Amino acid sequence: MSRKTSLGKRCKRIAAWLVAAYVLVNVWTYVQDMGKPTILFVGDSVTDAKIEYKLWKPYSLYRYCYAWKLPFYHEALYAHGGWCRLVGERKGFNWYNAGSGGATLADNGQSNAIVKRVKELAHLKDFDYIIVSGGINDLKYNHWMGDDNTSSIQALREICATLKGTKSKVGFIIPYYTGRYVEDMHRYGDMMRSVCEEYGVPFLDQRESAVRLDTKEGVRKYGVAGVDWLHCNEDAYQILADDICRWMDEW
C-alpha cells in the first residue's frame, strides 16, 4: 500500500470522526433544549442585532432555511446577539430571534413587516413567551395614522389581538429615545402605551430606560453603531437586557 493511499484513508477516517462528533454535539444540545421554556422575539434591527455564526451551535444554518423556505425553516428563528441572546441565556430559555433589519410595525409592502411576521409565527408552535418590539422605523416612514394595517397604530392593534389569541405569555417593548426621533417618540410612544393598555398586553417602555441615545452624554456613555444615533452597542444591550429581565419577572 502506497503512502499516498494510506494518508487518504487516514484523512477520510478523521473527517468521519469529525462529522460524527459534530452530529453528536448537536443532538445532545437539542436534547438538552427540549425541556427548556421557549421564547420568540419579533422586531427590527435592534432585535436582530449582530449575528455571530457558530457552527457548533444547533440551528445556526437554519436562518438560511427560513429565508429560502426550505424544509424545517420554522427552526430558523435562531441567532446570536443583542438583548435576545442575553435574555434567553439568563432566563434559561430555548430562544428564537425573528428580528429583521428595517422592519416596521405597519404593513408597508415588505415581507418583513412585524405585523405579518407575528401573524405568521405566533401560532407556528406553542411558544411559552412571545415578545414583540418595534416602532422606530415607522417614524422614519411616517406610517402612524390610518384605519388599516398600513398604519402603525392599526398594525399594533392587530399585533396585540394576535398575541392575546395565543396561549403564550406576551409582551410589547416600546423603543428607547434616539437622536433622530425625540419629539415624535413623546407622542407615538404614548400612543403605543394606550394600544397595549386597550388590549391588556403587558408593555415595557424603554423610553424610561437608562439607555438614552438622544443626548451627546448618552451617545458617549453607551455608544452607537456608527454615528447613526439609533443602534445599541453591547453595553447598551446589557442595560436593555437587565430592564427586560426585571420586567419579565413581574409577569
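How many bridges join β3 to β4, and in which sense do the two strands run? In this predicted model, β3 and β4 run parallel and are joined by five bridges. Within this pairing, Ile 131 stands opposite Gly 171 of β4. β3 also pairs with β1, again in the parallel sense, over four bridges. Here Val 132 of β3 is the bridge partner of Val 42.

Asp 205 of β5 lies opposite Ile 174.

The protein chain as a whole contains ten helices and five strands. Of its 251 residues, 49% count as buried. Among contacts between residues at least 6 apart in sequence, 69% join residues at least 24 apart.

Burial is marked in β3. Five of the five residues of this strand are buried, so β3 is largely enclosed by the rest of the structure. In a regular strand, side chains alternate between the two faces of the sheet. Both faces of β3 are covered. Tyr 129, Ile 131 and Ser 133 are buried on one side, and Ile 130 and Val 132 are buried on the other.

Nonpolar side chains tend to be buried together in soluble globular proteins. The largest nonpolar core here has 36 residues, of which Val 132, Ile 159 and Phe 172 touch the most other members. Elements giving two or more residues to this core include β1 (38–43), β3 (129–133), β4 (169–174), α7 (152–164) and α8 (182–199). The largest share, six residues, comes from α7. Beyond its neighbours within four places in sequence, Ile 159 is in contact with Leu 105, Ile 114, Val 115, Val 118 and Val 132. A second, separate core has 28 residues, among them Leu 86, Val 87, Leu 213 and Tyr 222.

Helices α7 and α8 pack against each other. Their axes are 10 Å apart and form an angle of about 30 degrees. The crossing is right-handed. From α7, the contact takes in Ile 153, Leu 156, Arg 157, Cys 160, Ala 161 and Lys 164. These meet Met 191, Met 192, Val 195, Cys 196, Glu 198 and Tyr 199 of α8. The residues of this contact divide into nine nonpolar, three charged and no polar.

Val 201 lies in the loop between α8 and β5 (203–205). Val 201 counts as buried because its relative accessibility is 3%, against a cut-off of under 20%. Beyond residues up to four places away in sequence, Val 201 touches Cys 160, Lys 164, Val 170, Gly 171, Phe 172 and Cys 196. Val 201 and Lys 164 are 37 residues apart in sequence, yet their C-alpha atoms are 7.4 Å apart in space.

Notes. Residues numbered from 1 in each chain as written. Predicted model: local features only at pLDDT ≥ 70, side-chain atom pairs only at ≥ 80, totals over all residues. Heavy atoms only, no water. Core = buried A, V, L, I, M, F, W, Y, C linked by side-chain atoms within 4.5 Å. Buried < 20%, exposed > 50% of the residue type's maximum accessible area, 1.4 Å probe, protein only. Contact = heavy atoms within 4.5 Å. Axes fitted to C-alpha atoms, helices over the stretch in contact; angles between N-to-C directions. Left-handed = near helix turned anticlockwise from the far one by under 90°. Nonpolar A, V, L, I, M, F, W, Y, C, P; charged D, E, K, R; others polar. Pairing = 2+ DSSP bridges.
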